[in-house]
Amino acid sequence: MGQSNKQYSKWRWLLALVGLFMYLGDICTDTVLVFRYFHEKRYVWSGLTALFIITALAVNQIFSYTWFLEDMHKNVMDSKPKRRFLVLHIFGMGIFLRSYHLLEQGYKEIWGQETSHNQMPPNGHLKEDDEEGTSTSHHYKLFSDAADLSMLKLFETFLESTPQLLLQLYIRQSHDEWSVLQYMSMVFSFFNLAWSLVDYRIWLRKSLPQSRELPPGLPTVVYLLYKLFTITSLILSYSLLLILSIYSTVGFTSLWLLGTIRAHLLQTDFCNTGVLELLYRGVIGSILVFTFFNVKGQNTKWEMTIYYFFWTVINFSTPLLLFFLKPELKTITFFWVVSGVIYGGSLLGLISLVSYYCFLHPKQCELDQVDGQEMEETPFTKRTRTFIKP
């Protein structure tokens, strides 16, 4: 008999391992770039690359350690494990610690369960109800841990991978500087972006019993294409705007500020403290610079329409601006290739977006109340209920 979708399977365990290696590859290639640029006396590029890495690392350690404390709050603990976790997070090991914990517990649950099934009791009978209840509880905990990890990776993606991809594209286009290491960095950033988007979407739904899962196959593929086409085309447009004027960074900063203010006006309640809530809203602002994100888990049809209207304006006007304001680019093949990818990606992204939300989006239930009954609030559900409708 096949494994239930509510079980943490071998396949999911292997995907978690692959995700860890992709994250590690992304961080390592970007870190090597920092030292390469510094050695070549490209101090601005080195500093910006390092800034993205350090910012994402610091933010993730703060959230990860806070979530550890929240999850352990109801348990009786001595100070030693807390100090050990704190030291590991100070050294930037939060995601690695969570990945190790998830892989270790997942391995024990999957392969340990197979061993226990092979060892029948003397009377030849198992207490199936007790075993099933315990197994379900363990698998739900694994889903919760995986969702926390995927959320941290999502933060890392839009604080480090995506800005890094934009920076390397700008360097490649404006200074005609390229190396194998740069391409490796961009490839890892791109695949880490794709992985984190789908991984977050899937694990969030699996960890919340009241939310229908994202069906495998076509819905997942179309959702991935929608995000990749819309984000990639926008990043390329941003890179062209940087070529047009380095002061475009002021515009990007303004977009981040608007996104942060938007999250503040919506009065998000993701964190238990005001300081962390402000930090979270800043992260949301960074995400909104590159893609639409449902901040409050509400119906956002009109907000999404407005967002992608301005997204369309940016993507379709940017190549035209460079065509008229920087005529020297007309003779560069790379400019035409990038422009073609922007227009093609924008069109395919809009088609994928409409297809997904009109025909493939799983209908959702309210998390706060189910059939008129209130749910018990836990640290995990408080963190995830905001994102029921991303």
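This is a predicted model: local features need pLDDT of at least 70, side-chain atom pairs count only at pLDDT 80 or more; totals for chains, interfaces and linings use all residues.
Local features require pLDDT of at least 70 and side-chain atom pairs count only at pLDDT 80 or more, whereas totals for chains, interfaces and linings use all residues. Residues are numbered from 1 along each chain as its sequence is written, and side-chain values use heavy atoms, with hydrogens and water left out.

The protein chain contains twelve helices and two strands, where helices (H or I, at least four residues) and strands (E, at least two) are DSSP runs numbered from the N terminus. Along the sequence, these elements follow the order α-α-α-α-α-α-α-α-α-α-α-β-β-α. Of the 390 residues in the chain, 48% are buried; buried denotes under 20% relative accessible area, exposed over 50%, and partly exposed the range in between (1.4 Å probe, protein chains only). The accessible surface of the chain is about 20200 Å², and carbon and sulfur atoms account for 68% of this area. Accessible areas come from the Shrake-Rupley method with a 1.4 Å probe, and for residues only the protein chains shown count as cover. With contact defined as heavy atoms within 4.5 Å, 77% of the contacts between residues at least 6 apart in sequence join residues at least 24 apart.

Two packed helices are described by the angle between their axes and the distance between the axes. For helix α7 (residues 218-244) and helix α11 (residues 333-360), the angle is about 145 degrees and the axes lie 7 Å apart. The axes are lines fitted to C-alpha atoms, for helices over the stretch in contact, and angles run from 0 to 180 degrees between N-to-C directions. By class, the contact of α7 with α11 comprises 18 nonpolar, eight polar and no charged residues. Here Ala, Val, Leu, Ile, Met, Phe, Trp, Tyr, Cys and Pro count as nonpolar, Asp, Glu, Lys and Arg as charged, and the others, Gly among them, as polar.

Alanine 16 lies in helix α1 (residues 10-39). Apart from neighbours within four places in sequence, alanine 16 contacts Tyr8, Leu102 and Leu103. Serine 150 belongs to helix α5 (residues 128-174) and is buried, because its relative accessible area is 1%. Not counting residues up to four places away in sequence, serine 150 touches Asp199, Tyr200 and Trp203.

The structure holds zero disulfides, a disulfide being a pair of cysteine sulfur atoms within 2.5 Å. Cysteine 28 is partly exposed, with a relative accessible area of 39%, and cysteine 358 is exposed, at 52%.
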